Amino acid sequence: MKKLLILIFFSLFFACGPKISEIEKYSSGAKKGDLRDIKKLIQLLEHPDEDIKVKAYQGLINIPDNAKAKTIELTINLLKKNFDNATREFAIGLLGKFKAKSSVPVLIQISKDKNFKRRYVVFSALGEIQDETALDAIIDGLKDEKEDVRKYASRALIKIGPKAIPKMMERYVKEDENTKGYLIRAFGELRNNAPEDLLINDLNGPNKYDVIWALGKTGSKKSLPYLINLLNSDDYKVRVQVCQALGDLNQPDAIPYLRKALKDKEVLVREWAARSLEVLTGERTYYIDQQGKYALPYNIYH
Amino acid sequence: MRKLLILLIPLFIITCNKKDQKSTITGTIYQAMPSFYVYIYKENMDLKGPAFAETISDKDGNFSIQLPPGKYFLVARMRSSGDIAGPLEVGDFKSEVIGPITIDEEGKIIKQDIKVFKKTGENKDIAILENKNQSKTGISGTIYDAEGKPVSGARVHVYDHVQMSERPKFVSSPTGPDGKYIIYLPKGGTYYLAARDKFGGPPKVGDLYGRYDKGTIEPSGVIVKDNEILKNIDITIHRVW
């Protein structure tokens with residue numbers, strides 16, 4: 001009986017895990033750069049309870065700059081020995097938060113590990129680190145079987161910025177349509193018209209909606225006649241997208257075509273034509289809504 | 001000359017410091033219970049949306065917050081769930097909106113006590129949670145986690161503007177174990193979607209959050225036509241790092 005009680009006592013002791021006050025104590029020490037407390041928090045990233053991991057992570061992100069190099073080294077070591085999905089996710093999240101360039105080789109290696117189910121975080125981190133040496137690996141990430149991984153890879157390219165564009169253009173012509181779709185959207189968000197010829201060439205391809213959107217965002221004046229021509233498309237989604245892009249392009253030449261689109265048979269086209277006319281003319285513009293009444297579009301840009 | 005400099009230097013320091021000086025609003029919440037949140041809103045802000053600043057009262061109901069010059073409104077709220085944001089439910093506590101309280105440039109302490117009362121009557125959410133209006137327009141899909149598993153207890157927030165700031169226009173009921181959601185809308189249009197595990201306020205480090213997009217930083221608009229239930233608008237939520 002006594003042995004059983006002792007066993008229960010110790011089981012409960014370990015099952016309870018670290019108290020919140022203990023984590024707060026470590027966090028407080030870590031904030032001052034105390035390496036022992038930082039090590040404790042890194043150990044807690046391995047704890048099975050995700051709430052404990054979150055608290056440990058929150059403690060680690062507040063360490064002073066002079067403690068970051070050692071913390072990065074310890075975190076990379078953790079990644080080399082622990083293959084638990086959640087632990088790796090938190091460790092990689094931390095490396096991204098610290099913009100740890102020294103972790104890029106190990107991150108590239110992990111990005112290819114299909115057993116790591118939370119590998120989106122690798123691309124989240126690479127986007128924060130913004131190291132050009134990772135560009136090929138990031139573009140490879142656009143072909144990952146998991147959609148969230150592909151999206152984070154795309155965002156990583158956007159975060160790297162204009163310096164990613166030459167490599168993206170080089171790879172664009174070699175890629176399949178799905179991968180091209182991510183590159184097109186990233187081109188759009190980078191708001192740089194270097195790839196406008198590539199985009200105009202694909203205006204009638206499978207990624208047409210994204211190409212139209214991207215041409216608007218990149219400010220491609222060259223694309224204006226092509227876009228205006230697409231206002232005659234049978235596909236109402238193409239016409240909606242063109243009206244939106246013409247607002248983004250902000251070229252006065254588009255005004256008469258948008259006025260014509262106010263009479264489109266599809267209400268969503270009329271609404272977007274009114275919205276873009278407001279951008280171009282600075283005046284509120286009415287359109288005819290579903291009930292046949294004059295209405296003002298709500299402002300999606302406020 | 002030296003004396004003049006000695007005189008001018010402290011004056012310069014005082015003048016420089018004055019720019020950064022903040023005033024303090026302090027007070028007591030009458031219903032002496034701990035953990036009342038006091039939300040501070042600037043003029044023209046949505047008083048039910050994310051606040052400009054917030055503080056929490058101590059065990060005796062006392063609170064204090066430093067603010068830069070401006071006109072402010074105060075509201076105290078305490079949710080029995082302990083959450084910092086989200087719609088108030090029957091049994092939660094709230095105050096009337098107090099203000100405007102004007103803070104001028106001189107650092108001073110403004111005393112403002114707050115009376116709170118218990119919310120009674122029916123729960124009213126900020127959005128259409130049930131299809132009481134028999135709308136035939138809506139969006140449906142599934143919320144997944146980073147490992148591709150359906151998420152239970154997440155809500156979809158629907159915005160009608162691309163920045164997705166302020167209060168969402170509509171919020172879904174929490175997802176069940178299958179992660180599925182459906183949200184009815186009064187009419188078709190262009191909407192922007194986010195899903196999250198917590199209700200209200202900007203997502204914080206450690207929260208689970210995801211927007212509907214196609215791999216862009218800017219969210220992707222979802223175009224819904226009148227009388228259309230758009231399907232398979234799935235969202236994956238991840239930790240905020």
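Visitor: Hi! Is A:Thr285 buried or exposed?

Guide: A:Thr285 counts as buried, because its relative accessibility is 9%. Here buried means under 20% relative accessible area, exposed means over 50%, and partly exposed is in between, with a 1.4 Å probe and protein chains only. A word on the basis: this is a predicted model, where local features need pLDDT of at least 70 and side-chain atom pairs count only at pLDDT 80 or more, while totals for chains, interfaces and linings use all residues. Residues are numbered from 1 along each chain as its sequence is written, chains are lettered from A and ligands numbered from 1 in the order in which they are written, and side-chain values use heavy atoms, with hydrogens and water left out.

Visitor: Thanks. Where does A:Thr285 sit, then?

Guide: In chain A, A:Thr285 is in the loop between helix H18 (267-281) and strand E1 (287-288). Helices (H or I, at least four residues) and strands (E, at least two) are DSSP runs, numbered from the N terminus.

Visitor: And which residues is A:Thr285 in contact with, leaving aside neighbours within four places in sequence?

Guide: Among them are A:Leu262, A:Leu277 and A:Pro297, where contact means heavy atoms within 4.5 Å. The A:Thr285 side chain also reaches the backbone oxygen of A:Glu283 at 3.1 Å.

Visitor: How about accessibility: is A:Lys53 buried or exposed?

Guide: A:Lys53 is buried, with a relative accessible area of 1%, whereas A:Asp84 is partly exposed at 37%.

Visitor: Let's go to the interface. How many residues of chain B are in contact with chain A?

Guide: 29 residues of chain B are in contact with 44 residues of chain A. The two chains bury about 3,200 Å² between them, 51% of it on carbon and sulfur atoms. Buried area is the accessible area (1.4 Å probe) that two parts lose on being put together, summed over both.

Visitor: Which residues in chain B lose the most area to chain A?

Guide: Those are B:Glu147, B:Lys214 and B:Trp241, together 23% of what that side buries.

Visitor: And how many salt bridges are there between chain B and chain A?

Guide: The count is 7. A:Arg191 and B:Glu218 meet in a salt bridge through their side chains, at 3.4 Å from N to O.

Visitor: Last one: what is the mean pLDDT of chain A?

Guide: It is 93, and 94% of the residues of chain A reach 70 or more; pLDDT is the predictor's confidence in each residue, from 0 to 100. Where pLDDT is low, the predicted coordinates should not be read in detail.

Definitions and conventions:
A polar contact is a pair of N or O atoms within 3.5 Å; within protein, one must be able to donate a hydrogen and the other to accept it, and residues adjacent in sequence count only if both atoms are side-chain atoms. A salt bridge is a side-chain nitrogen of Lys or Arg within 4 Å of a carboxyl oxygen of Asp or Glu.
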